[in-house]
Amino acid sequence: MKAVQYREIGAAPEVVTVPDPEPGPGQVLLKVSAAGVCHSDIAVMEWPAENFPYRLPLTLGHEGAGVVAAIGAGVTGIFEGDPVAVYGPQGCGRCAKCSQGKENYCTRAAELGIFPPGLGAPGAIAEYLLVDDARFLVPLHGLDPVTSVPLTDAGLTPYHAIKRSLPKLVPGSTAVVIGSGGLGHVAIQLLRALSPARVVALDVAEPKLELARSVGAHEALLSDDRAPGKVRELTGGLGAEAVFDFVGAQPTVTAAGAMAAVEADVTIVGIAGGALPVGIGTTAFEVTVSAPYWGSRAELVEVLDLARAGAIEVAVETYGLDEAPWAYERLHRGQVQGRAVILPNG
């Protein structure tokens, strides 16, 4: 089968031919319908050799959806031909967090060498994907795999981040979304669907601000050093009750802290390496700063239910498997509107 692999430190991903996988006991083989392209993949490919945590070659793609092509011995509850989405942050299934469905916070994954597809384990940007356990598969129930595959990360991650702040997003409150790209434009829709808060979107590019407006942002502002002051002007000097940073660079993280109100939540989702000090005088009183990771299996079911109800919809650009390296180039240059999706068998 064809697959897109990162094969050499510092090199571009390549389209290669690898052996077709076969499911062993307990495993499920998917014929991949769609796979998402994410900035996290680019971050992986930018790690230097001395810090690189995975084995190469690595088949990329941690957002996957497909049709069950074959099942291994002992698999129950799922059948050939079932269309499914893949839950990415896979854990051991037995620790305290996994028992709550929070496999994104599995306490034994590192110890046991368990990695998400595309982030250590073979990923979904290939014609077939081998999934180790059927519990990682969520039925699509009529959803289009192309537009729904980004929901496994670009929907699940902001949903998990936003859900914990909903008690603060009461009528009259303000939520800020920094970065209106793949995750951010979904976050705007989630905030509109789940809360009465005014939603303010920030980005450095006008096309991303236009996308933010088109999906429901009440305000769309240029993300620069004046942004915190503008947010405070919009809120009568008080600041925002929740700030979600989907960039995570030091300038955006600093800005997030500067625009946060008393008792606000600042949630750093982006992985660009920024950090926000917490202490008296560094932020408003009782600001909570968190850095969540992905979301639970139950939350993925909830996100797909929201999509099925028409509450959220991902803007996608589609590419064939051979075009995947170009899609990564476009993403790296900031040229992708919404989410890039690869169609390995399209």
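Tutor: Start with helix α6, residues 184–194. Some terms need their rules. Helices (H or I, at least four residues) and strands (E, at least two) are DSSP runs, numbered from the N terminus. Axes are lines fitted to C-alpha atoms, for helices over the stretch in contact, and angles run from 0 to 180 degrees between N-to-C directions. Contact means heavy atoms within 4.5 Å.

The model is predicted: local features need pLDDT of at least 70, side-chain atom pairs count only at pLDDT 80 or more, and totals for chains, interfaces and linings use all residues. Residues are numbered from 1 along each chain as its sequence is written, and side-chain values use heavy atoms, with hydrogens and water left out.

Now the sheet under that helix. The sheet is open and has six strands, in the order β11-β10-β9-β12-β13-β14, with parallel pairing. Two strands pair if DSSP finds at least two bridges between them. β11 (219–222) and β14 (288–290) stand at the edges. Each has a single partner strand, so one side of each is left without a neighbour in the sheet. Neighbouring strands here are turned by 15 degrees against each other on average, direction ignored.

Look at one pair inside the sheet. Strands β12 (residues 240–245) and β13 (residues 260–268) run parallel, joined by five bridges. Opposite Ala242 stands Asp265 in β13. Strand β13 also holds Glu263. Glu263 has a positive phi of about 65 degrees, although it is not a glycine. Most residues other than glycine have a negative phi, and most peptide bonds are trans. Glu263 is partly exposed, with a relative accessible area of 44%. The cut-offs are these: buried means under 20% relative accessible area, exposed over 50%, partly exposed in between (1.4 Å probe, protein chains only).

Next comes helix α9, residues 250–258. Its buried residues are Thr252, Val253, Ala255, Ala256 and Gly257. β9, α8 (227–234), β12 and β13 are among the elements that cover them. An α-helix has 3.6 residues a turn, so residues three or four places apart point the same way.

Follow the chain past β13. Ala284 sits in the loop between β13 and β14. Ala284 counts as partly exposed, at 22% relative accessibility. Leaving aside neighbours within four places in sequence, Ala284 is in contact with Ala260, Ala261 and Val262. Ala284 and Met259 are 25 residues apart in sequence, yet 9.0 Å apart in space, C-alpha to C-alpha.

Strand β15 (residues 316–320) pairs with strand β16 (residues 339–343). The pairing is parallel, over five bridges. Tyr319 stands opposite Ile342 in β16. The chain crosses from β15 through helix α11 (residues 324–332) to β16, and this β-α-β crossover is right-handed. The rule: with the strands pointing away from the viewer, the path from the first strand over the helix to the second runs clockwise. Strand β15 has a covered face, Glu317 and Tyr319. Val316, Thr318 and Gly320 make up its uncovered face. In a regular strand the side chains alternate between the two faces of the sheet.

An open sheet of three strands has the order β2-β1-β4, with antiparallel pairing. β2 (14–17) and β4 stand at its edges, each with a single partner strand. Strand β1 (residues 2–6) and β2 pair over four bridges, antiparallel. The bridge partner of Lys2 in β2 is Thr17.

Two local features follow. A cis peptide bond joins Leu56 and Pro57, with omega about 0 degrees. Pro57 is in the loop between α1 (39–46) and β4. His141 has a positive phi of about 45 degrees, although it is not a glycine. His141 lies in the loop between β8 (137–139) and α4 (145–148). With a relative accessible area of 59%, His141 is exposed.
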